[in-house]
Amino acid sequence: MRKIRILWTDDEIDLLRAHIIFLQEKGYEVETANNGSDAIEMVRANYYDIIFLDENMPGLSGLETLSEIKSVAPNVPVVMITKSEEENIMDEAIGAKMSDYLIKPVNPKQILLSIKKNVDQKRLVTQQTTSAYQSQFAQIGMRLNDRLSFSDWKDIYRKLVYWELELSASDDSAMDEVLVMQKNEANNTFCRFIKDNYFDWFGKEIGERPLMSPDIIKQKIFPLLDKGKKVFMLVIDNLRYDQWRILSTVINQYYNTVEEELYYSILPTATMYARNSMFAGLMPSEIMKLYPDLWEHDDNEGHKNRHEAEFLEKQMARFNRKEKVSFDKVTSLKSGKRVVDNIRNTLDNDLSVLVFNFVDMISHARTEMEMIRELANDEKAYRSLTLSWFNHSPLLDLLKTLSENDIRLVVTTDHGTIKVNNAVKVIGDRETNTNLRYKIGRNLNYKSKQVFEVKNPATAFLPSRNVSSQYIFAQNTDFFVYPNDYNYYANYYKNTFQHGGISMEEMIIPVVTMTPKN
């Protein structure tokens with residue numbers, strides 16, 4: 001294993017021999033310089049893992065030396081050592097991208113701690129994270145054998161996402177593979193849980209069943225309005241819980257999280273069902289019965305969600321709500337900027353609802369465009385791409401302005417998505433829908449063990465165009481492919497992100513209530 005190389009620069013370097021011997025005995029390779037000019041030349045000629053730099057030296061000062069070193073080796077951590085505790089010197093050093101700051105006299109253990117913090121941190125974090133997950137792995141595995149409730153499943157999914165994010169920050173790819181296997185096992189068990197319990201949830205009160213799509217406005221928005229608060233509801237289409245956890249690190253600069261809850265998307269976990277259900281406050285079959293002119297059937301491509309604002313308006317009317325409401329949908333950068341430019345209108349409303357479609361667009365673009373597939377080739381990269389979009393989107397500017405104007409924020413989504421990899425054959429007629437994770441049709445041919453089948457749509461409060469229509473849902477990482485050109489489509493859609501079926505990623509999704517920091 002390569003030794004860590006240290007450069008220590010001090011005009012009184014001879015007085016630090018005891019410290020240098022201590023580090024050498026610990027296995028570090030230490031080189032020294034007694035002035036800034038020599039240090040800069042040594043950095044030009046050699047690679048160092050960390051540099052210790054005296055602030056007060058004749059000739060080039062520590063700050064001047066630091067600036068030159070950063071121009072030569074910008075990524076090498078530099079630790080400033082000084083007798084002075086003056087704030088302006090600290091500010092200058094930090095502004096020059098110093099990694100650490102020690103006050104003389106320093107002892108060997110301080111130096112050792114600084115090395116571990118700045119050089120060994122990644123390895124130590126990886127080591128600690130791996131060890132911690134290994135102990136949790138067995139506990140999670142044992143829980144999967146228990147008789148779990150819908151609340152238990154939310155807890156398990158939170159834990160799996162936590163460890164997924166922790167391990168993605170480490171360098172242990174072997175543990176990544178272990179986590180993927182455990183998530184796969186958990187999803188298989190979760191699918192059995194949904195098969196056994198989904199139909200029983202209807203007709204029960206919340207608590208006996210989970211919070212679900214039709215409950216969100218009534219349970220999360222109305223109580224805030226009842227308190228006289230102005231509310232901004234942000235619905236980010238196709239947002240998984242792990243993606244929310246990444247975005248929350250940015251949003252929490254402007255908003256405090258009051259409540260972070262996970263709720264269950266209805267089936268199908270697809271926009272026209274789950275999001276229409278959210279805004280209408282009804283299950284899909286109830287929407288079709290009450291508002292037949294507004295319900296678009298699954299084969300009506302491109303128009304499945306054009307009545308969301310009307311559904312929200314009708315839900316408000318059913319509950320006799322009199323608040324001033326606005327509804328906007330963003331599907332492009334141009335429309336996003338338009339919403340930001342019209343922020344004054346938003347501030348005048350009691351409730352403003354914004355649907356942001358960009359994450360869903362990333363998912364679809366990744367399927368269709370090779371370049372996007374390369375950029376988001378795995379779960380970690382997919383999260384990174386989502387964060388990069390958010391940091392440069394007009395949405396972030398909008399949230400800053402809302403926070404400054406004391407607007408309460410509720411962030412949620414309609415469903416999540418899962419990376420599919422296992423093609424399952426299904427046969428359907430011409431009227432069968434095109435979604436890869438669920439199918440509706442009259443003459444579906446499939447292996448019943450491979451799907452969750454709803455032979456009578458009314459039992460799941462799903463609409464039916466024909467007496468003989470039925471639904472089937474893909475489970476875990478499966479996706480449906482027709483026998484015609486089976487190999488081509490199985491390979492084309494493998495490792496793409498899809499939604500509509502049953503998995504923790506698609507069904508267990510966030511609804512977060514936030515209050516401005518100011």
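The structure is a predicted model, in which local features need pLDDT of at least 70, side-chain atom pairs count only at pLDDT 80 or more, and totals for chains, interfaces and linings use all residues. Residues are numbered from 1 along each chain as its sequence is written, and side-chain values use heavy atoms, with hydrogens and water left out.

**Overall build**

- The protein chain has 21 helices and 18 strands; helices (H or I, at least four residues) and strands (E, at least two) are DSSP runs, numbered from the N terminus.
- The C-alpha trace spans about 90 × 55 × 40 Å along its principal axes.
- Of the 518 residues in the protein chain, 53% are buried. Buried means under 20% relative accessible area, exposed means over 50%, and partly exposed lies in between (1.4 Å probe, protein chains only).
- The accessible surface comes to about 24,200 Å², and 48% of this belongs to carbon and sulfur atoms. Accessible areas come from the Shrake-Rupley method with a 1.4 Å probe; for residues, only the protein chains shown count as cover.
- Among contacts between residues at least 6 apart in sequence, 74% join residues at least 24 apart; contact means heavy atoms within 4.5 Å.

**Nonpolar cores**

- In soluble globular proteins, nonpolar side chains tend to be buried together.
- A nonpolar core is a set of buried Ala, Val, Leu, Ile, Met, Phe, Trp, Tyr and Cys residues joined through side-chain atoms within 4.5 Å.
- The largest nonpolar core holds 104 residues, and those with the most contacts inside it include Trp153, Phe190, Ile194 and Tyr264.
- Helix 7 (residues 150-168) gives the most to this core, contributing nine residues.
- Ile194 is in contact with Trp201, Tyr264, Leu267, Phe452, Ile502 and Met507, leaving aside its neighbours within four places in sequence.
- A second, separate core has 19 residues, among them Leu63, Val78, Met80 and Met98.

**Aromatic rings**

- The whole structure contains 33 aromatic pairs. Rings of Phe, Tyr and Trp (its six-membered ring) pair if their centres lie within 6.5 Å; planes under 30 degrees apart count as stacked, over 60 as edge-to-face and the rest as tilted.
- Phe279 and Phe327 form an edge-to-face pair, with 5.3 Å centre to centre and 80° between the planes.
- Phe279 belongs to helix 11 (residues 271-280) and Phe327 to strand 8 (residues 325-330), so the pair ties together parts that are 48 residues apart in sequence.
- Phe279 is buried, with a relative accessible area of 0%, whereas Phe327 is partly exposed at 21%.
- The charged end of Arg321 sits over the ring of Phe222, 4.6 Å from its centre. A charge sits over a ring if NZ of Lys or CZ of Arg is within 6 Å of the ring centre and within 35 degrees of the ring normal.
- The charged end of Lys425 sits over the ring of Tyr486, 4.9 Å from its centre.

**Salt bridges**

- Side chains of opposite charge can pair when their charged atoms come close.
- The count comes to 31 salt bridges, where a salt bridge is a side-chain nitrogen of Lys or Arg within 4 Å of a carboxyl oxygen of Asp or Glu.
- Glu261 forms a salt bridge with Lys220, and their closest N and O atoms are 2.5 Å apart.
- This pair links distant parts of the chain, with Glu261 in strand 7 (residues 255-264) and Lys220 in helix 9 (residues 216-226), 41 residues apart.
- Lys220 is buried, at 10% relative accessibility.
- Asp152 and Arg143 form a salt bridge with the closest N and O atoms 3.4 Å apart; Asp152 is partly exposed at 23% relative accessibility, and Arg143 is partly exposed at 24%.
- Asp406 and Arg408 form a salt bridge with the closest N and O atoms 2.9 Å apart; Asp406 is partly exposed at 46%, while Arg408 is buried at 14%.
- Salt bridges that share partners join Glu164, Lys183, Arg240, Asp242, Glu379, Arg383 and Glu505 into one network.

**Two single residues**

- Thr65 lies in helix 3 (residues 62-72) and is buried, at 0% relative accessibility.
- Leaving aside neighbours within four places in sequence, the contacts of Thr65 include Gly36, Ala39, Ile40 and Leu53.
- Asn256 is in strand 7 and is partly exposed, with a relative accessible area of 35%.
- Not counting residues up to four places away in sequence, Asn256 touches Thr513, Met514, Thr515, Pro516 and Lys517.
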